[in-house]
Amino acid sequence: MATYTTEIASDKIPSDNPIHQRLLQAYYLAMPSIKGQLLELGCGEGRGVELLSPLADGYVALDKIGEVIERLQQKYPGVDFRQAVFPPFKGLAENSFDTIVSFQVIEHVKEDKAFLEEIYRVLKPGGKAVLTTPNIKKTLTRNPWHVREYTAQELTQLAQTIFPKVTMKGVGGNHKVMAYYEQNKRAVEKITRFDIFNLQYRLPAPLLRIPYDILNRLNRNKLNTANTGLVAEIKHTDYVLIDEADEALDLFLVVEK
């Protein structure tokens, strides 16, 4: 049986549903951009494989967790799954892919500029990459699994040092999503009010990961049992692409070579 940290939202855990649906919607939003040879960086549990694979002529997917890659190889034999830690993208030639997707990954990558430079390298001329990452302006507390988070301006400026065309949008939510967000915000504030020394920002990230996961899981479960079905009711269509990236839950970055 799989063990999930709260950083890996699962469709198998009821209290994870709002996060799972938010992550799933990124794949739906990327579908109009998918063509030709597709590369996914950080495929995780393969949340979007069934959506994207029919749209691509070939599909290569990388992730660092070997046992996950092995399961996906058995489940989707038509997709080229590879275990990899990046950057760089070892074994991938330059000008190889028409489309690249990478959802909720760049915040985990220490060398973020090198990561984007590698995306540029392996994209074909005219190719497009779609990335999502949390909007730090909507983050409720420090996530010790993330190396950093970005404002829309910060990520746009970084991408513009590499790509000739950069478009920044965001993934927002309707009234149900924002009601859940506000409930979650109030619950998190009840927990963080005890952090009078601001230790969440002062302690090394590895020391925070276990207490963060425990408290985050307890909080999600409490929200699931306390509200009137809101957690279960949220669908991927409740998340929408918006132009005001600063107001979004996630940044939605599109870059072209």
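This briefing describes strand pairing, a helix face, the surroundings of one arginine and several salt bridges. The model is predicted: local features require pLDDT of at least 70, side-chain atom pairs count only at pLDDT 80 or more, and totals for chains, interfaces and linings use all residues. Residues are numbered from 1 along each chain as its sequence is written, and side-chain values use heavy atoms, with hydrogens and water left out. Helices (H or I, at least four residues) and strands (E, at least two) are DSSP runs numbered from the N terminus.

**Strand S1**
- Four of the five residues of strand S1 (residues 37–41) are buried, where buried means under 20% relative accessible area, exposed over 50% and partly exposed in between (1.4 Å probe, protein chains only).
- S1 pairs in the parallel sense with strand S2 (residues 58–63) over five bridges; pairing requires at least two DSSP bridges between two strands.
- Leu-39 stands opposite Val-60 in S2.
- S1 also runs parallel to strand S4 (residues 97–103), joined by three bridges, and the bridge partner of Glu-40 in S4 is Val-101.

**Helix H5**
- The buried residues in H5 are Ala-152, Leu-155, Thr-156, Leu-158 and Ala-159.
- Seen down the axis of H5, the buried residues fall within an arc of 165°, so they line one face of the helix; the arc is that of the directions from the helix axis to the C-beta atoms.
- These buried residues pack against helix H4 (112–122), S5, strand S6 (165–173) and strand S8 (250–256).

**Arg-148**
- Arg-148 is found in the loop between strand S5 (123–134) and helix H5 (152–160).
- The side chain of Arg-148 makes a polar contact with the side chain of Tyr-150 at 3.0 Å; such a contact is a pair of N or O atoms within 3.5 Å, where within protein one must be able to donate a hydrogen and the other to accept it, and residues adjacent in sequence count only if both atoms are side-chain atoms.
- A polar atom of the Arg-148 side chain lies 2.8 Å from the backbone oxygen of Lys-110.

**Salt bridges**
- The structure holds 10 salt bridges, each a side-chain nitrogen of Lys or Arg within 4 Å of a carboxyl oxygen of Asp or Glu.
- Glu-256 forms a salt bridge with Lys-165, with the closest N and O atoms 3.6 Å apart.
- Glu-256 lies in strand S8 and Lys-165 in strand S6, so this pair ties together parts 91 residues apart in sequence.
- Glu-256 counts as buried at 19% relative accessibility, whereas Lys-165 counts as partly exposed at 45%.
- The side chains of Lys-176 and Asp-238 meet in a salt bridge (3.3 Å, N to O).
- Asp-238 is buried, with a relative accessible area of 7%.

Note on methods. Contact = heavy atoms within 4.5 Å.
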